[in-house]
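Hello,

Here is the structure I said I would pass on. My notes on it follow below.

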Amino acid sequence: MIDDDAQVRHSLARVIEAHGLGTIEAASGAEALAILERQGEMPLVISDIYMPEMDGVTFLREALQRYPDMAIVMLTGVAEVTTAVECLKLGALDYISKPVLVEEVRARVDKALEKRALVLQNRFYQQHLESRVRELDRRNKQSLINGVQMLVHALEAKDAYTSGHSSRVSRYAVKTAVQLGYTADRLEQIRLGGELHDIGKIGTREAVLNKPGPLSADEFHHIKGHTALGERILAPFMSESPMVLRIVRSHHERLDGAGFPDGLTGTQIPAEARIVAVVDAFDAMTTNRAYRASRTPEDAMQELQRCVGTHFDPDVVNAFTRAFPDPAALPISI
Ligand SMILES: [Fe+2]
């Protein structure tokens with residue numbers, strides 16, 4: 001109860017006390033703020049508008065800044081209706097006109113307390129809902145990661161040479177992407193895309209996957225299918241990660257259009273797929289495969305440079321070289 005006029009203040013306080021509520025009185029906005037500071041937020045404040053030291057409008061602003069949910073009702077003279085309306089705009093809950101009528105005070109106080117209870121209830125539900133949504137989101141992400149790991153393990157069980165390949169490609173791709181300015185969610189999609197780029201090989205026959213000699217035209221056609229198949233497998237649960245799907249589908253495209261599955265050229269090939277194409281080729285060259293022994297990292301780097309412009313994006317090859325300047329430290333161990 002804030003009013004510089006002690007008489008008004010006391011009589012209003014008596015009315016409110018008779019209504020069953022406790023009151024604290026203050027003679028100015030500054031005094032009221034000091035009391036709030038000491039005692040914490042109060043359910044309801046009734047404040048006069050014109051007071052020396054700190055007027056009601058300033059008090060209203062300051063108090064709502066500190067206690068946004070506090071119910072504040074302004075006390076106004078008949079001539080102050082415009083100011084009272086201003087106060088409502090600033091967040092006051094209501095106003096009571098002077099001279100004060102006992103019945104009116106009771107009704108306004110009840111209404112203000114009811115409104116505040118509703119505000120608090122809403123705030124509670126909102127906060128509760130937000131944390132629930134966050135928790136569900138976290139769980140969704142976790143089950144997505146579990147699903148991804150399951151798929152990668154399934155593929156690695158089938159193709160011994162992919163074991164470690166996906167993880168290395170993922171790590172090479174991420175460090176290269178960092179050089180190219182990727183951050184946050186886009187970087188995370190690169191990581192996931194690297195991990196999953198060959199997932200479609202789950203559908204490739206083992207005899208073809210592990211064939212020691214050169215592939216026939218039919219077998220090559222069959223193995224090429226892992227790109228589009230991988231995209232189909234992942235599409236239902238990767239709707240929020242379109243970059244992952246693009247990596248899986250397009251990591252065998254070549255700048256000159258001689259790649260697969262779509263024969264895209266240059267910048268038609270998604271940038272993220274151009275990154276994975278380079279690091280995938282590097283890892284394939286520097287690890288043993290069923291059909292050949294590995295090359296040295298220096299040799300593989302030279303091969304990448306030789307194929308810049310025809311097969312590989314020059315910016316990506318540069319970024320990869322910057323990300324891993326010392327070939328002697330390659331391949332990275334997982
Ligand atoms: Fe592949």
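Predicted model: local features only at pLDDT ≥ 70, side-chain atom pairs only at ≥ 80, totals over all residues.

**Notes on the chain**

Overall form. The chain has 14 helices and 3 strands. Its radius of gyration is 35 Å, whereas a compact globule of 334 residues would have one near 20 Å. Taken along the principal axes, the box filled by the C-alpha atoms is roughly 105 × 35 × 35 Å. Of the 334 residues, 43% count as buried. Among contacts with a separation of 6 or more, 62% are between residues 24 or more positions apart.

Charges. There are 38 positive and 46 negative side chains in the chain. The centres of these two sets lie 7 Å apart.

Helix α7. This helix covers residues 184-196, which makes 13 residues. From its first C-alpha to its last it reaches 19 Å, close to the 18 Å expected at 1.5 Å a residue. Its buried residues are L187, Q189, I190, L192, G193, G194, E195 and L196. The cover over these buried residues includes α5 (102-158), α6 (165-179), α10 (226-234), α11 (242-250) and α12 (271-286).

I190. One of the buried residues of α7 is I190. I190 counts as buried because its relative accessibility is 0%, and the cut-off is under 20%. Leaving aside neighbours within four places in sequence, I190 is in contact with A173, V174, A177, Y182, M243, I247, E272 and I275. How far apart in space are I190 and A207, which are 17 residues apart in sequence? C-alpha to C-alpha, the distance between I190 and A207 is 30 Å.

D280. This residue is in helix α12, one of the helices that cover the buried residues of α7. Is D280 buried or exposed? D280 is buried, because its relative accessible area of 7% falls under the 20% cut-off. Not counting residues up to four places away in sequence, D280 touches H165, V169, H197, H251 and H252.

Regards

Methods
Residues numbered from 1 in each chain as written. Heavy atoms only, no water. Helix = DSSP H or I, 4+ residues; strand = E, 2+ residues; numbered from the N terminus. Expected span 1.5 Å × (residues − 1). Buried < 20%, exposed > 50% of the residue type's maximum accessible area, 1.4 Å probe, protein only. Contact = heavy atoms within 4.5 Å. Rg over C-alpha atoms; globule rule 2.2 N^0.38 Å. Lys, Arg positive; Asp, Glu negative; His and termini not counted. Charge placed at Lys NZ, Arg CZ, Asp CG, Glu CD.
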